[in-house]
Amino acid sequence: MKTLAIVQQCKLWVLLLQLLLIVCASHVLGQLTPGFRPPSVPLMVVNPYFSVWSNGDNLYDTVPNHWTGSRMPFTGMISIDGKVYRYMSSEPEQVKGVMEQTSVLVYPTRTVYTFEEGGVRLSLQFVTPSFPHYTTFGALPVTILNYELSSIDGNEHKIRLYYDNSAEIAVYDLSEYVVCDRTDVTGKVTMRTGTRNQTYAGQGSDRIDWGYFYASTEKVADMETSISYCNDSRMAFVNGSSLPLDDLDIPRPCANNTPCLAVSWDLGIVKDAVIQRRMILAYDQVISIEYFGTFMAPLWRHTFKDSVADMLMFTHTKADEIIKYSKDFDTSIMVALNKVGGANYCTLASLVWRQAVGGTIYVWNHVTNEEWRFMKEISSDGDVSTVDVLYPASPLFMLVDPDGFFKLLKPILEYAVNNTAKYGLDVSYNLLWAPHHLGHWPICDLPPYKQEQMPMEETGNMLIMLAVIVQRNSSLLPKLSPYWDLLKMWTNYLVSTLPDPGNQLCTDDFEGPSPHNVNLAAKGILGLASYAYLLEMDGYQTEADEYFRLCKFFVAYWVAESDSGTHSRLQFNISNSWSMKYNLFYQKVLQLNIFPNSVFLKEESFYQKKMNKYGVPLDDRATFTKADWMMWVAAMGNETQFKLLVDALFTFANVTPDRTPFTDWYDTISARRVGFTARPVMGGLYAKLLVSI
């Protein structure tokens, strides 16, 4: 199997090269489905704290929001021949006119809006370097806001342009005192805002209240900037006046005449040339994670030696390169998505890219001098690196960056192997199975007795993910050296618990208890097979064969005891039950012939009989589904099943009345969101592309 893994890695790079050649020949395969209306549009989705969305059909319909639904006001206006229009935000309310939005296109790393009014076109691009595989750009805490303006009627037009953001982006409570000031970046105008009381990792809100937000732009002759009360700055632009002088009555409570960072450009007469302007928007968290007593700063701070000015200057200098890289990367990914799944699949997967990658943070571990990563369980428990959130998100990351995904798992492995003392807090992890999570974001400090215990779930998840990492990049196998005893202990726990997991929780615990869970047992068996695969890759064939033999024994039990004629059961002990068996997916990726193909054929035939308008329910207990698991099932089946499920999810996303970042938990009959929003688990939509390479 080691030879097979190497061959598969070669096939990956050959396919990516082929895709790049296709890109050069044609852009048709990379198209999005025309007219798609996302439930929410990603604007600046950099990490769990710096996460800004638009929940309206048009950028000017609503105030931009954080994924929690709380306000993150960014405002944009334009004056065309003396008449003022809004292009971003529903504020200020005094400005009734809007620059008509003609399109919005959501690519993996870019969102592109187009507006037209009075003979003028505005193209507005939000470019976020969401490149987990390329941290030179991908670790930057930035979104580039790129403006392009042109006359489209051949006439001259006098144009002024306005941008602002309020200090609300840096608080979780409007009563908090905020500061605003300017910082020195050569040749740029750079303003920042943050709270007066900087307590790193000091509260558990989903909104950050430490660090600083920066708005930076090229210093040019036609511009004005201001730090002032939002309404004063906006009305000055509306009235054609100069922006106010900087407000010196700061710090003050954010709710008290909320200050903003404002920029206006007087572009003069626009006719033939395309006029460009650009903002670099960044959030410096200063500290991103506390790991068992040790603060860990964002990775970029290590790269730039804690200099925000150097990071911003680098971003300004490399902005054109970042934008080009973003376009090329988006095109290559979209070509691949279209090739394996069509335009609807490409459109959905493009929408969730930043949602998945933006659920992570990259840090520098100065204790061991290496990069680590963490993922937030957004909108459910708010936990740090929940294993059964990493698992459904994994297809996207396995596709482009298995090495980076190992950096997500390493903090969990170090915790489980009792290596936390050197960070200041000696926590003895004494359980026979894998952890559920590390703590509540952004603090890792969880003792084992406070874990949400999901023994087979998390143990199977960890073993499967490690096997896939090594399959995707066999050079990562030596990184497992410190953990072999741990992995063996976990595997032997699975052996002791299989073939029936008994009364254990699984990842779908929001549905309530499901003892003797058949899908969970499948995960346990594939976890066991994954450990055998790792042993085989490391040259321990005899031991691997013994574990593979046990897998066959457990599979025989699973097939016989789960059988309900046309399908497998939800629980071994309930004959007329059923559920989606998404846990079989990674058998396809690892190419492990553990479960017979007849199981897959029977399941896919049955799912098609259970289709509702917006998808297949998760199981027989309710009409709701999980979008991530449904796309895993789609990737396991034939092309008919895949298209049915993708089209159902596409229709849901296009029509759901619940305007929040893409939910993974919704009703298949009403198209209503049941719970969860913006979770990185939607990286699971890349299952089809992963299994196709």
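**Entry 1: helix α5 and the sheet.** I looked up where helix α5 (residues 308-357) lies, and found that α5 lies across β1 and β2. I noted that α5 runs at about 30 degrees to β1. I record here that the model is predicted.

**Entry 2: the strands.** I then turned to the sheet itself. It is an open sheet of 3 strands in the order β1-β2-β3, and the pairing is antiparallel. I identified the edge strands as β1 (41-45) and β3 (65-66), each of which pairs on one side only. Between β1 and strand β2 (residues 51-54) I found 4 bridges, and these two strands run antiparallel. I also looked up Val45, which stands opposite Ser51 in β2.

**Entry 3: helices α6 and α7.** I next examined helix α6 (residues 387-400) and helix α7 (residues 402-416), whose axes come within 8 Å and cross at roughly 155 degrees. Because angles over 145 degrees count as roughly antiparallel, α6 is roughly antiparallel to α7. I listed the residues that make the contact: α6 contributes Val387, Leu390, Ser394, Phe397, Met398 and Val400, while α7 contributes Pro402, Phe405, Leu408, Leu409 and Ile412. I sorted the residues of this contact of α6 with α7 into 10 nonpolar, 1 polar and no charged.

**Entry 4: helix α8.** Finally, I checked the length of helix α8 (residues 455-472), which has 18 residues. At 1.5 Å a residue, α8 should span 26 Å, and its end C-alpha atoms are 26 Å apart, which agrees. I also asked myself how many of the 18 residues of α8 are buried. The count is 18 of the 18, so α8 is largely enclosed by the rest of the structure.

Technical notes
Residues are numbered from 1 along each chain as its sequence is written. This is a predicted model: local features need pLDDT of at least 70, side-chain atom pairs count only at pLDDT 80 or more; totals for chains, interfaces and linings use all residues. Side-chain values use heavy atoms; hydrogens and water are left out. Axes are lines fitted to C-alpha atoms, for helices over the stretch in contact, and angles run from 0 to 180 degrees between N-to-C directions. Angles under 35 degrees count as roughly parallel, over 145 as roughly antiparallel, 65 to 115 as roughly perpendicular and the rest as oblique. Contact means heavy atoms within 4.5 Å. Ala, Val, Leu, Ile, Met, Phe, Trp, Tyr, Cys and Pro count as nonpolar, Asp, Glu, Lys and Arg as charged, and the others, Gly among them, as polar. Two strands pair if DSSP finds at least two bridges between them. The expected span of a helix is 1.5 Å times one less than its number of residues. Buried means under 20% relative accessible area, exposed over 50%, partly exposed in between (1.4 Å probe, protein chains only).
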